[in-house]
Amino acid sequence: MEYARLGRSGIKVSRICLGMMSYGDPEHRKWQLDIDAARPIVRRAVESGVTFFDTADMYSNGRSEEITGELLRDFFPGRDDYVLATKVYLPMGPGPNDRGLSRKHILASIDASLRRLGTDHVDLYQIHRWDPETPIEETMEALHDVVRAGKARYIGASSMFAWQFAKAQHTAAAAGWTRFVSMQNHYNLLYREEEREMNPFCLDQGMGVIPWSPLARGLLAGTRDRDRFGTTTRAGSDPLVEKWYADAEFDIVDATRAVAEERGLSPAQVALAWLLGRPAVTAPIVGATRIGHLEDAVAAVEVTLDEAEVARLEAPYRPRPVMGHG
């Protein structure tokens, strides 16, 4: 495993982040694993050198945080041996204040997350989306207070327009508040619109990029063919695949498979190696419901694609509508 600083911050993370959304209550999502099924995968991740773990309060209505906290306590000797990230914004109850980025919701949510995680702090506290109903000044001051209280070491953001991210950073800087150190955005071989503004902005300003859905909800791992038939539980029960990715994207999938076959690698290893080689990218957030998924991700860190292979993978891409901000 390789390790890198998260942007220009001082914290170092493994170049693969294990996304913990896959672990929760199977009654909530059929493809989610309970704690017993998740245990061997997380154990293998730790054995492979993964030290970076990402979850969110709303994943499986909080159960993901509970599983994450318990397994990390089981597999690491101490709290300082891993980097723990979670998120706030999406609904956690039926009330009007059970969502968003108000001061009220942020301060209540960090305490609830810490209780579920069984720890006194998270390393990276992220806003899950942009909140158009709350002044950014209120959000950034509340996040600063979370850091000052020792409940989070750093703050990050996820999936918004570059102008919004720039506004948030400027607001914090002008007031002397804590600034974001990372952007968790939708970025993969099938969706590269983040290369227009967000990724260059992060590179220029020293924020780490930790992409979600690096395998395009499994498409780049070969879980679906052109007839749209899913070969996994996730692929067969995920309507966002149909919403976000069209048949045209299979030209990119085919190119990925071809390069993988020539190199003796899996398509997932090639797709992740491409992402790991992109400017500003620190660590893709990889979901794993099988040991093989994790092993592919870890192996991708050692793969270097040459210029001709990168060109083949990128050539079929066509501009896309913005997706993943909602």
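The second largest pocket holds about 190 Å³ of space, a volume being the space filled by probe spheres set on grid points joined across faces, edges and corners. This is a predicted model: local features need pLDDT of at least 70, side-chain atom pairs count only at pLDDT 80 or more, and totals for chains, interfaces and linings use all residues. Residues are numbered from 1 along each chain as its sequence is written, and side-chain values use heavy atoms, without hydrogens or water.

- Of the 13 lining residues, F161, E193, E194, E197 and V322 are closest to the pocket centre.
- A pocket here is an open set of points on a 1 Å grid over the protein atoms alone, where a 1.4 Å probe fits, with protein on both sides within 12 Å along at least five of seven lines; lining residues have an atom within 4 Å of a point.
- The lining divides into 7 nonpolar, 1 polar and 5 charged residues.

**D81**
- D81 sits in the loop between α2 (63–75) and β5 (83–88).
- D81 is partly exposed, at 36% relative accessible area (partly exposed lies between buried, under 20%, and exposed, over 50%; 1.4 Å probe, protein chains only).
- Leaving out residues up to four places away in sequence, D81 touches T51 and F76 (contact: heavy atoms within 4.5 Å).
- The D81 side chain reaches the backbone nitrogen of G78 at 2.8 Å.

**Helix α11**
- Helix α11 spans residues 291–300, and its buried residues are L294, D296, A297, V298 and A300.
- Their cover includes β3 (17–19), α1 (35–47), α10 (267–276) and β10 (285–287).
- Helices (H or I, at least four residues) and strands (E, at least two) are DSSP runs, numbered from the N terminus.

How values were computed
A polar contact is a pair of N or O atoms within 3.5 Å; within protein, one must be able to donate a hydrogen and the other to accept it, and residues adjacent in sequence count only if both atoms are side-chain atoms. Ala, Val, Leu, Ile, Met, Phe, Trp, Tyr, Cys and Pro count as nonpolar, Asp, Glu, Lys and Arg as charged, and the others, Gly among them, as polar.
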